[in-house]
Amino acid sequence: MNPAELVTALSDAYKANADDKQASEMSAYMRDQFPFFGIKAVQRRALDRDVAGRGPGRPEHHYLIKVVKDCWGRGEREFQYFAVDYMRKHYRRLDASFLDLGRELVVTKAWWDTVDGLAAGVIGPFVRAQGTVEAMDTWVKADNVWVVRTALLHQLAAKEDTDVERLFTYALQRSADTDFFIRKAIGWSLRQYGRTDPTAVKRFVAANEQAFAPLVVREAMKHLQPSS
């Protein structure tokens, strides 16, 4: 099954399982920015697995890119969700040229639902695997809120492999930012690393609390007790 056939099969599966009522509710939840087929996550992922299983088990870079671009160009949001999950599973099959496209995906049809999946599940693992994490040093200084959010969240799943100096540096670099999505991302990135090293996060927040908005501090410390 070639890339176009795979996406056509995906479209057929989505259309056969569309739910207009759920589609309206899902679109409203995303502030009516995107149309939906109205397929909830559990059912959609089952459909996605079935369709993806008809394609190659280890898709090459060019195959992945064709599928992703086709999905990103389609209207219903489920296509973009498929693309994110497909890349999440096969990010090691992407070559170094992907990062430019990755940034394009971040800023195209951008909202937190796809951006967060790209940041933590695709871009972050990809740059760590490629040894190009320093690219995030440029992204975190960008003017685009979604590019910045991606840089802040790219280590969200890194756990003990987190570059702690980079994590804390990014948080301080964007500490004066007033954008809600950036503030939430700073707090979330710190809170997530707090699951791995709560002491380090508590000390960092305590030492820099005056630099951060209250929202950042609340998010970072949500599951942590303040340092004594």
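1. In this predicted model, the C-alpha centres of domain 1 and domain 2 lie 28 Å apart. Domain 1 covers residues 1-93 and domain 2 covers residues 112-227, with bounds that come from an automatic or database domain assignment. Eleven residues from domain 1 and ten residues from domain 2 take part in the contact, where contact means heavy atoms within 4.5 Å.

2. About 940 Å² is buried between domain 1 and domain 2, and carbon and sulfur atoms give 71% of this area; buried area is the accessible area (1.4 Å probe) that two parts lose on being put together, summed over both. Of the area that domain 1 buries against domain 2, Val84, Arg88 and Tyr91 supply 46%, more than any other three residues.

3. The rule finds one salt bridge across the interface of domain 1 and domain 2, a salt bridge being a side-chain nitrogen of Lys or Arg within 4 Å of a carboxyl oxygen of Asp or Glu. Arginine 77 forms a salt bridge with aspartate 113, and their closest N and O atoms are 2.8 Å apart. On the side of domain 1 that touches domain 2, helix H5 (residues 77-90) gives the largest share, six residues; helices here are DSSP runs (H or I, at least four residues), numbered from the N terminus.

4. Residues are numbered from 1 along each chain as its sequence is written. Local features need pLDDT of at least 70 and side-chain atom pairs count only at pLDDT 80 or more, while totals for chains, interfaces and linings use all residues, and side-chain values use heavy atoms, with hydrogens and water left out.

Definitions and conventions
Helix = DSSP H or I, 4+ residues; strand = E, 2+ residues; numbered from the N terminus.
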